[in-house]
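Here is a short briefing on the structure shown below. It covers overall build, chain contact and strand pairing.

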Amino acid sequence: MYEKEKDLVHSFLNGRLSRRGLIKRLAGLGVSATAAGSLVNMMATNAMAADFDWKKHSGTGVKLLLNKHPYTDAMIANLDNFKQLTGMDVQYDVFPEDVYFDKVTAALSSGSTEYDAFMTGAYMTWTYGPAGWITDLNEWIGDPEKTAASYNWDDMLPGVRKSCAWNGQPGGELGSADAKQWCIPWGYEQNNLAYNRNMFQKAGLSVPTNLDELVDTAAQAKASIDGVYGIGVRGSRSWASIHPGFLSAYANYGQKDLNVGADGKLSAAMNTDVSKDMHSKWVKMIQDSGAPDWSTHTWYQVGTDLGAGASAMIYDADILGYFMNGGDNKEAGNLAYAPFAANPAADAPSPNIWIWSLAMSEFSKKKDAAWYFMQWASGPEHGLFGATQMDFVNPVRQSVWADEDFRERLDKSYPGYVDMHDVSAPGAKIQFTAQPLFFDLTTEWAATLQKMVANEVPVDEGLDKLAESVNRQLKEADLG
Amino acid sequence: MTVENDLPGVRRRRIKVGRRVLPYILSLPALLVCIGILVPFVTAAIYSLQRYRLSQPWARKFNWGENYLNFLSDPDFWNTLKVSLVYAGTTVTLELMLGLGIALLLQRRTRFNNFVSIMLLMPLMTAPVLAALMWKLMTNSGFGILSYLVSSVGIQDFRWASSPDTALLTVVLVDIWVYTPFIMILLLAGLRSLPSQPFEAAALDGVPRTFVFWKITLPMLMPYILTATLFRLLDSIQQFDIIYAMTQGGPGDTLTVFQVEAYLNFFQSTNIGRSAALMMILWAITFVLSNIFIKNWLKLRERAN
C-alpha cells in the first residue's frame, strides 16, 4: 500500500479523521468508495490485533449454526478477516428460517457438541437458558483476558442489550442486575410503519400517527387504490404474529401480557378494558383493510405484498420495509418509513423488538475460541463493515448508528428510516414478560385473534377465554 | 447307516449348532428393526407419563397418567380428536370414490389408458409440503389462479385456507389432489387382476352393468379397497405437512390435528410430556384401526379361498 493511503487510514483509526473525510480523501487519491471501505475494514482488523491477543486460539476451529439471513451473508463476506486476525478456522451450517429453530432445538436438546455458537432470538433463550443449553456470557464479557478493550460492551443499544439478559425467574425483569447474558445482540428489528409514498401521494393520504388514524388511513387506502389492501400485518397461527406490530401497539397503550404478583406468581393481563378496546380496533382494521388471506400471512407475505404493491403500508419489522425497497421488488424506491405510537396519549413509540443474537452452546468444547468469534462478529468493526458495505441493518451499536456515512446512505435511499429509528430506539425493547411458557401463550393469543377476526368469537369474550386459559396453563406449570 | 453318521464328529456338531442358530440369524434383521422402532416408542411412552418441559427441567417428574387425564377436561384435545377424525374420514372417503371412479374408467388396457394412468401419478411424486405450497400460491387472493377462477364464476371473496369456513375444504382438496392417484393405482391393479370368467358369464346373461358393479366387481375388489383404505386412513390421520404448510393449524383451532398439535407442543412449547401423550393416543387410534382393517381383510381372504 502507498504511504499516503496508509497515513490516512491510520489517522482514521486514531480518531483524527472522520470516516467520511477518509473516504473523500482516498477518493482524491483514486481509491473507489468500495475499495476504501474494504481497506478501512482490513486496516481496522490489523489495528484490533495490536491491543489484544487475537491469536490465542490460532489453529482452533469452531462450528456455527446459522439462519439464512442478510446478517449471515455480511458475516460470511467478512469472515476471511476474522480468520486472518485469529488464525482460527470457522465452519458453519446455514438453514432456512422455516426449519432453523427445529434444528437448533434438536441439536441442543440432544447435548450435541457439534456446534459451538449459533444464531437465536432472545425469546428462545427463555427456553434454552433454564434448560441449561446455553452459557451465561457475562463471564466472558467481563474478563479483559478474553475480551478486547475495543469491544466496548456499553456501546450496545441499552434496550437491546438488556433484552438479551434474564435472571431466569419467571416474570424477572430483563437486564436486571442479577441477569444472565444469554446471548449477544447481533442485529435487531423495531416495529414501525413502512408505506408506499406513491400510493399515499396519489390517494392524498397522510401518514397515520396513532391506531385510530391507522385504522382510518388503511380503510381509505383500500377504498381509493384499486386492487390494493390497506395494511399488512402478520396473521398466521403463530407467536410470530403477536410480537411485531400487534404487541408494539399493545405495549404503547401501557398494556402487559402478564401481571407479576408480589409472590412472583404470574397471571393473565390481556383482558383489561383498555386491552379490549385496543383489540377491537386491531380486529376491525384487519377485517376492513387487511389482507384477504391475513390468517396465513407470515413476515414473508407481509413483506412481499408491500414490495409487489399489493398493500399500501405495513406495521411490521422496519427491516422488512428496508429490504422491500431494493432488489427486484416492483415498488423498490417507492417506500418510506415513519415511527408509530399507537396510543394518541403516548409521548413516543415503544416498539417491541426482535433481536437476532449469538449464543454459545453449553456443550461446546471450545468455549473460549467460540467467544473470540462471537466478540468479533458482534464487535464495532464488523458492525460498521456490515452496515456500510452490506445490508446489516439494524445495527445494535450506538457507534454504528452515529456513523455519518451509514446515516447518509440510509437517509438517501430509505426516506425517514434514520428518523424513525432515532425516535423509537429509546423506547425499543422486548415488551413481553420473560417466562418459560412464552411460545404456548403467544401462539394461543394468535389463534384467538384469528377467531376474533373471523367473527367466531366477540373480542370481549375471546379475551376473557384467553385469560382463563392462560391462567390455567400458568397454574399447571406452577407459575401462576 | 446315514450320510450324517459318516461325517466326523466335529463337523456334525457344527451342523447341529448351525441349524439351531440359523433361525436366530435369519430373524436378526427383523429384531434390529424392532429395536429401532421400540426404543423411541418406549421412550415416548415413558415421556408421556412425565411432567416434562425442556424450559422447566427442575420440574421434571413422573406424573403417571396426569397428562392423559388432563386431556379429558381439555377442550383443545377434543377439538384435535374431532378435527383429525373428520379430516381422515373426509379425505379417505372422497379419495376412495374418486380413485375407484378413475380406475374404472382406465380399466381397459389401452395405450391411452396406460399413458393417462402414468400421468395421473404425477401428484403422488410431489412432496406433500410442496403440493401444499403450490396450492397456497394458487389460492392466493391476489394472484392465485384458483381464486381467479372462483371469482370469475361469481363467487367473490372466497378465502380458501384463510377462513375457518373453508380451511378444511381447502386442505382436503390438496390431500385429494396428492393421494387420489395412490388409491387409483391400487384399485386399477386390483381391477385388472380380477378373473374374467364372472364378467364374461354376466355379459352372456345380459346382466345390467350396475348389477355387475355392485354384486361382482365391488365384492371381488374389496380386499384391494380395504388395503387402500387402511394405508390412506393411517396416513391421513397422521397428516402434518399439508396442514402445517398451509395454515399452521389455523385459522383459530380449525385444523389442529394430532401431528400439528404434537409438533407445536414439542418444538415450539418444548412440552415433551404433553406432546408424547398426544402421540401415544394417536398410536392407539392407528393400532385399533389397523386391527379392524386387518381382521376384515383376513376374513375376506378366507372367504375368497
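**Domains and overall build of chain B**

The centres of domain 1 and domain 2 of chain B, taken over C-alpha atoms, lie 40 Å apart. The model is predicted. Domain 1 of chain B covers 3-47, and domain 2 covers 65-304.

- Chain B contains 14 helices and two strands.
- Its C-alpha trace spans about 95 × 75 × 30 Å along the principal axes of chain B.
- The radius of gyration of chain B is 26 Å, whereas a compact globule of 305 residues would have one near 19 Å.
- Of the 305 residues in chain B, 34% are buried.
- Take the contacts in chain B between residues at least 6 apart in sequence: 70% of them join residues at least 24 apart.

**Where chain B touches chain A**

- The contact draws 28 residues from chain B and 28 residues from chain A.
- On the chain B side, helix H12 (241-247) and helix H13 (258-268) each supply at least two residues.
- H13(B) gives the most to that side, with three residues.
- By class, the chain B side has nine nonpolar, 15 polar and four charged residues.

**Strand S3 of chain A**

- Strand S3 of chain A takes in residues 117-121.
- Five of its five residues are buried, so S3(A) is largely enclosed by the rest of the structure.
- Both faces of S3(A) are covered. On one side sit A:Ala117, A:Met119 and A:Gly121, and on the other A:Phe118 and A:Thr120; all are buried.
- S3(A) pairs with strand S12 (residues 354-360) of chain A in the antiparallel sense, over five bridges.

**Strand S1 of chain A**

- Six of the seven residues of S1(A) are buried, so this strand too is largely enclosed by the rest of the structure.
- A:Leu64 stands opposite A:Ala117 in S3(A).
- A:Leu65 stands opposite A:Phe118 in S3(A).
- S1(A) runs parallel to strand S2 (residues 89-95) of chain A, and seven bridges join them.
- A:Leu64 has a bridge partner in S2(A) as well: A:Tyr92.
- Strands of a sheet pair through backbone hydrogen bonds, either parallel or antiparallel.

**The S10-S7-S11 sheet of chain A**

- Three strands of chain A form an open sheet in the order S10-S7-S11, with antiparallel pairing.
- The edge strands are S10 (313-317) and S11 (335-338) of chain A, and each pairs on one side only.
- From one strand to the next, the twist averages 30°.
- Strand S7 (residues 191-196) of chain A runs antiparallel to S10(A), joined by five bridges.
- Here A:Ala194 stands opposite A:Ile314 in S10(A).
- Helix H14 (residues 299-307) of chain A packs on this sheet and touches S7 and S10 of chain A. The direction of H14(A) makes about 140° with that of S10(A).

Technical notes. Residues are numbered from 1 along each chain as its sequence is written. Chains are lettered from A and ligands numbered from 1 in the order in which they are written. This is a predicted model: local features need pLDDT of at least 70, side-chain atom pairs count only at pLDDT 80 or more; totals for chains, interfaces and linings use all residues. A residue is buried if 20 or more other C-beta atoms lie within 10 Å of its own, exposed if 12 or fewer, and partly exposed in between; C-beta atoms are placed from the backbone. Helices (H or I, at least four residues) and strands (E, at least two) are DSSP runs, numbered from the N terminus. Two strands pair if DSSP finds at least two bridges between them. Two residues are in contact if their C-beta atoms, placed from the backbone, lie within 7 Å. Ala, Val, Leu, Ile, Met, Phe, Trp, Tyr, Cys and Pro count as nonpolar, Asp, Glu, Lys and Arg as charged, and the others, Gly among them, as polar. Domain bounds come from an automatic or database domain assignment. Axes are lines fitted to C-alpha atoms, for helices over the stretch in contact, and angles run from 0 to 180 degrees between N-to-C directions. The radius of gyration is taken over C-alpha atoms; the globule rule is 2.2 Å times the number of residues to the power 0.38.
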